[in-house]
Amino acid sequence: MRKILKFCFNTTIWTPSRSEWLFLLSSLPKEERDRVSSFMFKRDSKQTLIGQVLIRYCLKILLNIDWQNICIGRNSKNRPFLKIKETLCLSQLKSIDFSIDFNVSHSGDYTIIIAGIFPTKKRNDDIEESPRLGSDVMKIDISRSRIKYPNESEEFWFQHQLELFERIIDSKFSNLEKRYIHERPNPVERLTAFYRLWSLKESYVKAQGDGLGFDIRRIECVPRSELLIDLNSKKAIVVDDSQILVDSKLVKNCKFYEQYFIYSDSKSNQHLNQRPHLHIMSHCIIENEKSVKDRKDADQIGEFVQIELSEILKSISSLENVEENLREFEEMWNAFSQKDDKPADF
């Protein structure tokens with residue numbers, strides 16, 4: 001019964017049509033539609049919309065239920081969760097022997113999700129703590145440096161971008177992590193190392209569900225293997241041996257999975273002599289030690305699967321009739337159409 005889904009969607013190359021935008025919006029409850037519409041830039045609205053749709057897409061697969069029955073709430077820290085009682089019918093509620101968790105992240109070109117269903121067992125009169133999932137995606141981004149210094153070399157851009165993060169490195173990273181970054185042989189690898197460590201930290205904090213309330217200085221990440229990708233096949237190697245220490249103690253019930261994900265924008269590469277857009281995607285699973293032992297090889301977790309909009313649309317159903325509420329939906333579309341894509345310095 002244990003099953004984990006991992007998807008990513010490229011929001012940068014997606015230019016939604018009016019019909020796509022309105023249909024996707026209609027598949028969400030009003031509070032989420034309003035949240036999507038509240039952002040200043042198209043980039044953020046697209047990422048948030050796709051993230052919410054992907055949550056429901058995964059839950060529909062995992063639970064084999066109708067789209068309209070999915071009910072999602074937010075806890076006190078604004079983390080989405082499945083409202084099981086509101087989602088499942090009475091007969092299903094009597095035999096619940098599973099837990100559900102999911103987590104969405106977005107950065108650069110991609111919105112990603114990890115979602116899982118896990119069997120639960122009773123220990124005496126208590127149900128064991130359910131596994132928790134966290135995800136993060138980071139783009140190896142030098143765009144700000146390239147815009148500010150257009151005539152400099154690529155090596156200069158990577159070094160300058162890293163220097164912009166030095167204050168974060170000095171204040172948030174351990175001495176071991178600083179050495180992991182600064183002992184790399186060139187600026188490209190040093191900047192990549194920074195993004196990798198930050199992605200590990202973020203995925204752990206998100207799995208914990210503490211958000212901004214967790215002091216990230218308590219975390220020390222220890223990568224064991226290098227991230228690799230076959231540039232011919234663009235096939236990533238998923239690394240699963242990184243470790244994490246919290247308050248200097250090894251966390252044994254946390255399993256990380258990391259990978260590169262490459263997206264080549266042939267048009268921009270041709271005209272701006274850019275390298276392919278490289279992202280680091282990571283997720284972690286936090287679960288009790290008993291669950292880890294019982295798991296064995298149940299998690300045959302591969303790389304993130306890039307999903308196309310056409311595949312998502314096959315599963316979606318409207319919660320609101322667009323034609324009956326045409327004025328409201330047209331206002332949302334017009335507001336979206338008039339937004340800038342992203343801030344000027346990105």
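Helices and strands here are DSSP runs, numbered from the N terminus. The model shown is predicted.

**Figure 1. Asn64 has a positive phi in a loop.** Asn64 lies in the loop between helix 3 (42-63) and strand 2 (72-74). Its phi is near 55°. That is a positive value in a residue other than glycine. Is Asn64 buried or exposed? With a relative accessibility of 69%, Asn64 counts as exposed, because the cut-off for exposed is over 50%.

**Figure 2. Asp247 also has a positive phi.** Find Asp247 in the loop between strand 12 (243-246) and strand 13 (249-250). Its phi is about 55°. Asp247 is not a glycine, yet the value is positive. At 43% relative accessibility, Asp247 counts as partly exposed. The reason lies in the limits: partly exposed falls between buried, under 20%, and exposed, over 50%.

Figure 3. Lys30 is partly exposed, at 44% relative accessible area. Asp34 is partly exposed too, at 36%.

**Figure 4. Lys139 and Asp109 form a salt bridge.** Here the N to O distance is 3.6 Å. The pair links distant parts of the chain, 30 residues apart. Lys139 belongs to strand 8 (residues 132-139). Asp109 lies in the loop between strand 4 (98-107) and strand 5 (110-119). Both Lys139 and Asp109 are buried.

**Figure 5. Lys201 forms a salt bridge with Glu177.** The closest N and O atoms are 2.9 Å apart. Which helices does this pair link? Lys201 is in helix 10 (residues 187-208), and Glu177 is in helix 9 (residues 175-182). These are distant parts of the chain, with the two residues 24 apart. Lys201 is buried, and Glu177 is buried as well.

Figure 6. In the whole model, the count comes to 19 salt bridges.

Figure 7. Strands of a sheet pair through backbone hydrogen bonds. Strand 8 pairs with strand 15 (residues 277-286) over eight bridges. Look for Val137: its bridge partner in strand 15 is Met281.

**Figure 8. Helix 7 packs against helix 10.** Two packed helices are described by the angle between their axes and the distance between the axes. For helix 7 (residues 154-164) and helix 10, the angle is about 35° and the axes are 8 Å apart. The crossing of helix 7 and helix 10 is left-handed. Which residues of helix 7 meet helix 10? They are Glu155, Phe158, Gln159, Gln161 and Leu162. Their counterparts in helix 10 are Pro187, Val188, Arg190, Leu191, Phe194 and Tyr195.

**Figure 9. The largest nonpolar core has 42 residues.** In soluble globular proteins, nonpolar side chains tend to be buried together. In this core, Leu49 and Ile100 have the most contacts. Several elements each supply at least two of its residues, including strand 1 (3-10), helix 1 (18-26), helix 13 (309-313) and helix 14 (326-337). Which helix gives the largest share? Helix 3 does, with ten residues. Not counting residues up to four places away in sequence, Leu49 touches Trp14, Trp21, Leu24, Leu25, Leu28 and Val36.

**Figure 10. Another core lies apart from the largest one.**

Terms used. Residues are numbered from 1 along each chain as its sequence is written. This is a predicted model: local features need pLDDT of at least 70, side-chain atom pairs count only at pLDDT 80 or more; totals for chains, interfaces and linings use all residues. Side-chain values use heavy atoms; hydrogens and water are left out. A salt bridge is a side-chain nitrogen of Lys or Arg within 4 Å of a carboxyl oxygen of Asp or Glu. Buried means under 20% relative accessible area, exposed over 50%, partly exposed in between (1.4 Å probe, protein chains only). Helices (H or I, at least four residues) and strands (E, at least two) are DSSP runs, numbered from the N terminus. Two strands pair if DSSP finds at least two bridges between them. A nonpolar core is a set of buried Ala, Val, Leu, Ile, Met, Phe, Trp, Tyr and Cys residues joined through side-chain atoms within 4.5 Å. Contact means heavy atoms within 4.5 Å. Axes are lines fitted to C-alpha atoms, for helices over the stretch in contact, and angles run from 0 to 180 degrees between N-to-C directions. A crossing is left-handed if the near helix is turned anticlockwise from the far one by less than a right angle, and right-handed if clockwise.
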